[in-house]
Amino acid sequence: MKINKIGFVRGYGWRAAAVVVAVVVVGCGGQPETVAPPPPEVTVATPTQKDVTVFQEFVGSTEAYQSVEIRARVQGYLDRMAFEPSSFVRKGQLLFVIEPEPYEAQRDRAAANLKAAEANLRRAESDLDRLEQAVRTNAVSQQEVTRARAERDQASAAMLEAEAALTNAEIQLEYTTLESPIDGLVTRNFVDLGNLVGAGEATLLTTVRRIDPIYAYFEVSERFVARVLEQRGGHQDPGTSDAVPATLLLEETGHEIEGRIDSLENTVDAATGTIRVRGVFPHPAAMIFPGFFVRVRLPGELHEEALLVEETALGSDLGGRYLMIVGDGDFVERRYIEPGQLQDDNTRLILDGLEPGDRYIVKGLQRARPGMPVSPKSAGSGS
């Protein structure tokens, strides 16, 4: 093996040179020098400030705006049904007919009796007039006049009784036709045609319920009511333009209906500490029936100049919800906060633990660790 003038072994080349350089560096300086990586880059934002109304939701159930039971008020066989089950009917629309013939006969008989009573009254009045003229010439005695006057009064009373009987017969005849007293949704018929109804009881034939608008009943805590009344300066009539707005939410479909509160009980339930409230909601689409379980959203406490942060910036652990804050010297701090209600724009209300000028990390959270420095850039700046 041959060695050249500078001591390299032929065939080893640059590998040997690298070893020599390494030995020289280690021998001259001891430990090798290391360069620290730059702080990770993160995107920060400051809280948004605006007035925020906190909404609360309550569970309740719906009820019809009006509900009417259609019952037989006279006895007879059910002769006709004039509606389709589960259809919408109008006020005054014919629903059922109970055999009218017996009541038509009663009306005709009462009308005939009235005519006879009227004839008797005319005769009695004529006899009285004749006797009153005759008594002036002493052709008849005063006793006969008195008797004729009594007969006239009896005939008059008999005519009034006949008029009342005719009126009653006409009313009974009207009861044989049953009409809807309201606009609404009718259910099925509870009695089939041909059955005897009204025998000893007012037989239930069907029901009509008005569902536009529709009511929702629910319970709210006395604390919530007290706060709302304080902010509104006391109780105000629900019928005023300043009525409390309310939103009805159907959880199964996500359908929402805007309405208002129209009734508030005047007593707190001592057992539950709640007050029963009723909301009224326009409902032309007929998407909700009475008896549905729904949620009702009401405006609650107003937070002036409230702080809002991006929901995606929040983290959580056993200590609660927190934000990663970039503090003095651009060092990261884990800040525990008290979160409030999530807003429609996906920002979260912060009730405590945050100041208006605080910078919180919105991007790069996976690279940020408490106590570590970072290189922050504003969320609104370019890359």
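**Exercise 1.** Is Phe292 buried, partly exposed or exposed?

*Solution.* The model is a predicted one. Phe292 lies in the loop that joins β12 (274-281) to β13. Its relative accessible area is 29%. Buried means under 20% and exposed over 50%, so Phe292 is classed as partly exposed.

**Exercise 2.** Explain why the buried residues of helix α4 line one face of the helix.

*Solution.* Helix α4 spans residues 222-231, and Phe224, Val225 and Val228 are buried in it. Viewed down the axis of α4, the buried residues fall within an arc of 95°, so they line one face. The general rule is that an α-helix has 3.6 residues a turn, so residues three or four places apart point the same way. Arg223 and Glu230, on the other side of α4, are exposed. The cover over the buried residues includes β2 (48-71), β9 (204-221), β12 and β13.

**Exercise 3.** Identify the pairings of strand β18 with β13 and with β17.

*Solution.* β18 (residues 347-352) pairs with β13 (residues 293-310) in the antiparallel sense over four bridges, and Val309 stands opposite Arg348. With β17 (residues 338-342), the pairing is also antiparallel, over three bridges; here Glu338 stands opposite Asp352. Four residues separate the strands of the β17 and β18 hairpin, where Asn346 takes a positive phi near 65°.

Definitions and conventions. Residues numbered from 1 in each chain as written. Predicted model: local features only at pLDDT ≥ 70, side-chain atom pairs only at ≥ 80, totals over all residues. Heavy atoms only, no water. Pairing = 2+ DSSP bridges. Helix = DSSP H or I, 4+ residues; strand = E, 2+ residues; numbered from the N terminus. Buried < 20%, exposed > 50% of the residue type's maximum accessible area, 1.4 Å probe, protein only. Arc of directions from axis to C-beta. Contact = heavy atoms within 4.5 Å.
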